[in-house]
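Biologist: Hello! Could you show me how to read a model like this, step by step?

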Amino acid sequence: MRNLDVAESIFSRLVPDDRQYVIPVWQRVYSWYTSQWSELWDDLRNLYEKTQKEQPKEFSKSPSHFMGSIVVKPKSLGAIERFILIDGQLRLTTLMIILAILRDEAKNSHKNDLSKAIEDKYLFNTYACLLYTSDAADE
């Protein structure tokens, strides 16, 4: 039996551009409702307001929010970190949807640098072509 590694992390470390998450077909379909969205949005808004008020000098001391556990099974593919998402897929998917909305709002507000930064850092996977090429070679 393999050991289970448990670690605390921040969101930006969960979604670097060299990491891919795979949601297995046996996972349940996306099923968050308005009440869950509202609770998360209120939490994020309160965290933002607290951050703006306190203006921490160090990122490590900035206010944080516990998002729950995310359980993954690593599966390396060359330089690409690939993870089978076992638990937390709804939370992670919801956060990615929020980032896509923020990207679109930034673009609509002519904040193109912010829009591009969100897309490049969190939403667009620059390694996708490598993954598909490597997968094809493995078959």
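Modeller: Buried means under 20% relative accessible area, exposed over 50%, and partly exposed in between (1.4 Å probe, protein chains only). This is a predicted model, where local features need pLDDT of at least 70, side-chain atom pairs count only at pLDDT 80 or more, and totals for chains, interfaces and linings use all residues. Residues are numbered from 1 along each chain as its sequence is written, and side-chain values use heavy atoms, with hydrogens and water left out.

Biologist: Where does Val71 lie?

Modeller: Helices (H or I, at least four residues) and strands (E, at least two) are DSSP runs, numbered from the N terminus. Val71 belongs to strand E2, residues 71-77. Lys75 is found in strand E2 too, and Lys75 is partly exposed at 46%.

Biologist: Is Ser115 buried or exposed?

Modeller: Ser115 has a relative accessible area of 7%, so Ser115 is buried. Its place is in helix H4, residues 112-123.

Biologist: Which residues is Ser115 in contact with, leaving aside neighbours within four places in sequence?

Modeller: Contact means heavy atoms within 4.5 Å. For Ser115, they are Arg103, Ala106 and Lys107.

Biologist: In which helix is confidence lowest?

Modeller: pLDDT is the predictor's confidence in each residue, from 0 to 100. In the protein chain, confidence is lowest in helix H5 (residues 128-138), at a mean of 46, and highest in helix H3 (residues 89-108), at 91. Where pLDDT is low, the predicted coordinates should not be read in detail.
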